[in-house]
Amino acid sequence: MKENVIRDKSYSFALQVVALYRQLCKNGEYVLSKQLLRSATSIGANVEEAQAAQSKADFVAKMSIASKEARETNYWLRLLRDSEICTIDVEKLLSDSESIINILTAIIKSSSLKYSKSRIQH
């Protein structure tokens, strides 16, 4: 299968968040951890859906949802860090989420430009 950086990165990120979720639950934190788990795993799910998009507009829409989920995930990670609810270091995950946001933003911009140009030509 052809290498797909955002697909691989979002999947790996989701696995790391699943591990963090388990740690947080062991420490008795269930509310923020569940929100984090939902948004973080949704990133990769939307990236995966985008791979089977029916059109360029559908692809951009799915990637845009993935971007929104990545931003939400970043929010939950910052909240975990800054609220000091737990002592688990989430800086690596924060860095990874920012990297994913940057990649998704570039994909969306690039794909949107291509989509706009193709619509103008038709």
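Me: Which residue has its backbone nitrogen 3.2 Å from a polar atom of the side chain of Glu-29?
Reply: This is a predicted model. In it, Glu-29 sits in the loop between helix H1 (5-26) and helix H2 (31-50). A polar atom of the Glu-29 side chain lies 3.2 Å from a backbone nitrogen, and that nitrogen belongs to Val-31.

Me: Which side chain of opposite charge is nearest to Glu-29, and how far away is it?
Reply: Glu-29 is buried and yet has no salt bridge. Leaving out residues up to four places away in sequence, Glu-29 touches Leu-24 and Ile-85. The nearest side chain of opposite charge is Lys-34, at a distance of 11 Å.

Me: Which residues of H2 are buried?
Reply: Helix H2 has 20 residues and spans 29 Å from its first C-alpha to its last, close to the 28 Å expected at 1.5 Å a residue. The buried residues in H2 are Leu-32, Ser-33, Leu-36, Leu-37, Ser-39, Ala-40, Ser-42, Ile-43, Gly-44, Asn-46, Val-47 and Ala-50.

Me: Which residues does Leu-104 contact, leaving aside its neighbours within four places in sequence?
Reply: With neighbours within four places in sequence set aside, the contacts of Leu-104 are Ile-6, Ile-43, Val-47, Met-63, Ala-66, Ser-67 and Ala-70.

Me: Is Leu-94 buried or exposed?
Reply: Leu-94 belongs to helix H4 (residues 91-121). Beyond residues up to four places away in sequence, Leu-94 touches Asn-74, Leu-77, Arg-78 and Arg-81. Of these, Leu-77 is 17 residues from Leu-94 in sequence, with the two C-alpha atoms 6.4 Å apart. Because its relative accessibility is 3%, Leu-94 counts as buried.

Me: Is Glu-84 buried or exposed?
Reply: Glu-84 is located in the loop between helix H3 (56-83) and H4. Although Glu-84 is not a glycine, its phi is positive, at about 55 degrees. The relative accessibility of Glu-84 is 66%, so this residue counts as exposed.

Me: Which residues are linked with Arg-81 in a network of salt bridges?
Reply: Arg-81 forms a salt bridge with Asp-82, with the closest N and O atoms 2.6 Å apart. A further salt bridge, 3.3 Å from N to O, joins the side chains of Arg-81 and Glu-91. This second pair links distant parts of the chain, since Arg-81 is in helix H3 and Glu-91 in helix H4, 10 residues apart. The residues linked with Arg-81 in the network are therefore Asp-82 and Glu-91.

Me: What are the relative accessibilities of Arg-81 and Glu-91?
Reply: The side chains of Arg-81 and Glu-91 meet in a salt bridge. Arg-81 is partly exposed, with a relative accessible area of 33%, and Glu-91 likewise counts as partly exposed, at 39%.

Me: Which residue pairs with Lys-92 in a salt bridge, and is that residue buried or exposed?
Reply: Lys-92 is exposed, with a relative accessible area of 55%. The salt bridge of Lys-92, 2.8 Å from N to O, is made with Asp-96. Both residues lie in helix H4, 4 residues apart, about one turn of the helix.

Technical notes. Residues numbered from 1 in each chain as written. Predicted model: local features only at pLDDT ≥ 70, side-chain atom pairs only at ≥ 80, totals over all residues. Heavy atoms only, no water. Helix = DSSP H or I, 4+ residues; strand = E, 2+ residues; numbered from the N terminus. Buried < 20%, exposed > 50% of the residue type's maximum accessible area, 1.4 Å probe, protein only. Contact = heavy atoms within 4.5 Å. Lys, Arg positive; Asp, Glu negative; His and termini not counted. Salt bridge = Lys/Arg side-chain N within 4 Å of Asp/Glu carboxyl O. Polar contact = N/O pair within 3.5 Å; in protein donor to acceptor, adjacent residues only side chain to side chain. Expected span 1.5 Å × (residues − 1).
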